[in-house]
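Dear colleague,

Please find below the structure that I am handing over to you. My notes on it come after the sequence and the coordinates.

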Amino acid sequence: MTGAVACLSGFEDIAVVVHGSSGCYFYPASLVGGVPIHGTFLVENEVIFGTESRLAEVIRELVGRYARIAVVNTCVPAIMGEDIGDLAGDGQILVVDSPRVPRRPRGRLPPCARYDRAGG
């Protein structure tokens, strides 16, 4: 995701929107200096009831200010099954689906399972 944000931020007249939580926004925004990165900053309500309205709100704020808008999808909306691909219909919005879901090595329990088995 950070690589996609860094790459897209190098193009002129394109708004880069990180569609995810504030943590998903902060890391790439802190590494890509001097270029405005926008975010949806999803909170609990949006995770429960859907993120589409928040994304539409951010896009409405940017339309007219930039020639194109790139939406970088993160793991929260992707895991929820949000289909934001329909946004790319008019050609002004580019959707980059780059969720990063951590994988665990085969045969190893995730940390929470080890904690539960230890009697904690």
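The paragraphs below set out what was found.

This is a predicted model, in which local features need pLDDT of at least 70 and side-chain atom pairs count only at pLDDT 80 or more, while totals for chains, interfaces and linings use all residues. Residues are numbered from 1 along each chain as its sequence is written, and side-chain values use heavy atoms, with hydrogens and water left out.

Confidence and overall make-up

The mean pLDDT (the predictor's confidence in each residue, from 0 to 100) of the protein chain is 81, and 81% of its residues reach 70 or more. Over residues 112–120 the pLDDT is below 50, and beyond near neighbours in sequence this stretch has 4 contacts (heavy atoms within 4.5 Å) in the model.

The protein chain has 6 helices and 4 strands; these are DSSP runs numbered from the N terminus, with helices being H or I of at least four residues and strands E of at least two. From the N terminus on, the order of elements is α-β-α-β-α-α-β-α-β-α. Among contacts with a separation of 6 or more, 58% involve residues 24 or more positions apart. Of the 120 residues, 33% count as buried, where buried means under 20% relative accessible area, exposed over 50% and partly exposed in between (1.4 Å probe, protein chains only). The accessible surface of the protein chain comes to about 7,600 Å², of which 54% belongs to carbon and sulfur atoms; accessible areas come from the Shrake-Rupley method with a 1.4 Å probe, and for residues only the protein chains shown count as cover.

The buried residues of helix 2 are C24, Y25 and P28. They lie on the same side of helix 2, because they cover an arc of only 95° around the axis, the arc being that of the directions from the helix axis to the C-beta atoms. These buried residues pack against helix 1 (2–8), strand 1 (14–19) and strand 2.

V32 is found in the loop between helix 2 and strand 2, and is buried with a relative accessible area of 11%. Not counting residues up to four places away in sequence, V32 touches V5, A6, S9 and I37. The C-alpha atoms of V32 and T2 are separated by 8.8 Å, although these residues are 30 apart along the chain.

Side-chain pairs

A search of the whole structure finds 1 aromatic pair. Y25 and F41 form this edge-to-face pair, at 4.7 Å centre to centre and 65° between the planes. Rings of Phe, Tyr and Trp (its six-membered ring) pair if their centres lie within 6.5 Å, with planes under 30 degrees apart counted as stacked, over 60 as edge-to-face and the rest as tilted. F41 is partly exposed, at a relative accessible area of 35%.

The search also finds 1 salt bridge (a side-chain nitrogen of Lys or Arg within 4 Å of a carboxyl oxygen of Asp or Glu) in the whole structure. The side chains of R54 and E57 meet in a salt bridge at 3.2 Å, N to O. R54 and E57 are separated by about one helical turn, because they are 3 residues apart in helix 4 (residues 52–62). R54 counts as buried at 16% relative accessibility, whereas E57 counts as partly exposed at 35%.

Backbone angles

F41, in the loop between strand 2 and helix 3, has a positive phi of about 50° although it is not a glycine. D13, another residue other than glycine, has a positive phi near 60°. D13 is placed in the loop between helix 1 and strand 1 and is partly exposed, with a relative accessible area of 45%.

Yours sincerely
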